[in-house]
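I opened my notebook for a friendly look through one structure, going entry by entry.

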Amino acid sequence: MAEVRVIARFVARKGKEDQLRALLESILVPTHAEPGCKMYELYESDSNGRFYLHEIWESQAALDQHAATPHFKRLQQAAPELMKEPFEVNILKSILDVPPAQTPHSPAA
């Protein structure tokens with residue numbers, strides 16, 4: 001069962017930023033409670049009105065179940081009128097998985 005990583009992007013219509021933020025915030029708690037949700041974090045860009053969800057799911061099946069929940073369906077129905085463009089969902093693949101860099105040793109004297 002492969003972990004699934006997602007980044008979703010939302011761009012608010014001018015004047016709808018607070019409403020879109022509130023809508024996105026409203027799905028955080030129920031999504032965190034879903035089986036298979038390992039991470040679900042909301043970020044706001046320093047470019048006003050741009051929001052990002054960073055998600056990690058246990059499996060594609062868990063993500064599919066999320067898409068069928070009432071709170072996600074509410075997001076799909078309510079978001080379009082608040083958004084400048086359709087929201088974008090990106091399923092991510094790791095390019096190179098390397099461990100964190102080790103602290104370099106001092107050169108021998």
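Which residue forms a salt bridge with Arg21? I looked this up first, keeping in mind that the model is predicted. The partner is Glu44, and the closest N and O atoms of the pair are 2.9 Å apart. I then checked where the two residues sit: Glu44 is in strand S2 (residues 37–44) and Arg21 is in helix H1, so the pair links distant parts of the chain, 23 residues apart. For accessibility, I noted 40% for Glu44, which is partly exposed. Arg21 has 21% and also counts as partly exposed; the cut-off matters here, because buried means under 20%.

Entry on the other salt bridges. I searched the whole structure and found six salt bridges. As a reminder to myself, side chains of opposite charge can pair when their charged atoms come close.

I looked next at Glu85 and Arg9, whose side chains meet in a salt bridge at 2.6 Å, N to O. Glu85 lies in the loop between H4 and S4, while Arg9 belongs to strand S1 (residues 4–11), so this pair ties together parts that are 76 residues apart in sequence. I wrote down a relative accessibility of 30% for Glu85, which counts as partly exposed.

Then I turned to Glu3 and Arg5. Their side chains meet in a salt bridge of 3.1 Å, N to O. Glu3 is partly exposed, with a relative accessible area of 37%, and Arg5 counts as partly exposed at 37%. I also found that Glu3 and Arg5 are linked with Lys38 in a network of salt bridges.

Entry on helix packing. How do helix H1 and helix H4 pack, in angle and in axis distance? I noted that H1 (residues 17–26) and H4 (residues 70–78) pack at about 165°, with their axes 10 Å apart. That angle makes H1 roughly antiparallel to H4, because angles over 145 degrees count as such.

Which residues make the nonpolar surface patch of about 390 Å²? I listed Ile95, Leu96 and Val98. I followed up on Ile95, which lies in the segment after strand S4 (88–92). Is Ile95 buried or exposed? Ile95 is exposed, with a relative accessible area of 86%.

Conventions
Residues are numbered from 1 along each chain as its sequence is written. This is a predicted model: local features need pLDDT of at least 70, side-chain atom pairs count only at pLDDT 80 or more; totals for chains, interfaces and linings use all residues. Side-chain values use heavy atoms; hydrogens and water are left out. Patches are made of residues with over 30% relative accessible area and no salt bridge: like charges are joined within 9 Å, nonpolar side chains (Val, Leu, Ile, Met, Phe, Trp, Tyr) within 5 Å. Accessible areas come from the Shrake-Rupley method with a 1.4 Å probe; for residues, only the protein chains shown count as cover. A salt bridge is a side-chain nitrogen of Lys or Arg within 4 Å of a carboxyl oxygen of Asp or Glu. Helices (H or I, at least four residues) and strands (E, at least two) are DSSP runs, numbered from the N terminus. Buried means under 20% relative accessible area, exposed over 50%, partly exposed in between (1.4 Å probe, protein chains only). Axes are lines fitted to C-alpha atoms, for helices over the stretch in contact, and angles run from 0 to 180 degrees between N-to-C directions. Angles under 35 degrees count as roughly parallel, over 145 as roughly antiparallel, 65 to 115 as roughly perpendicular and the rest as oblique.
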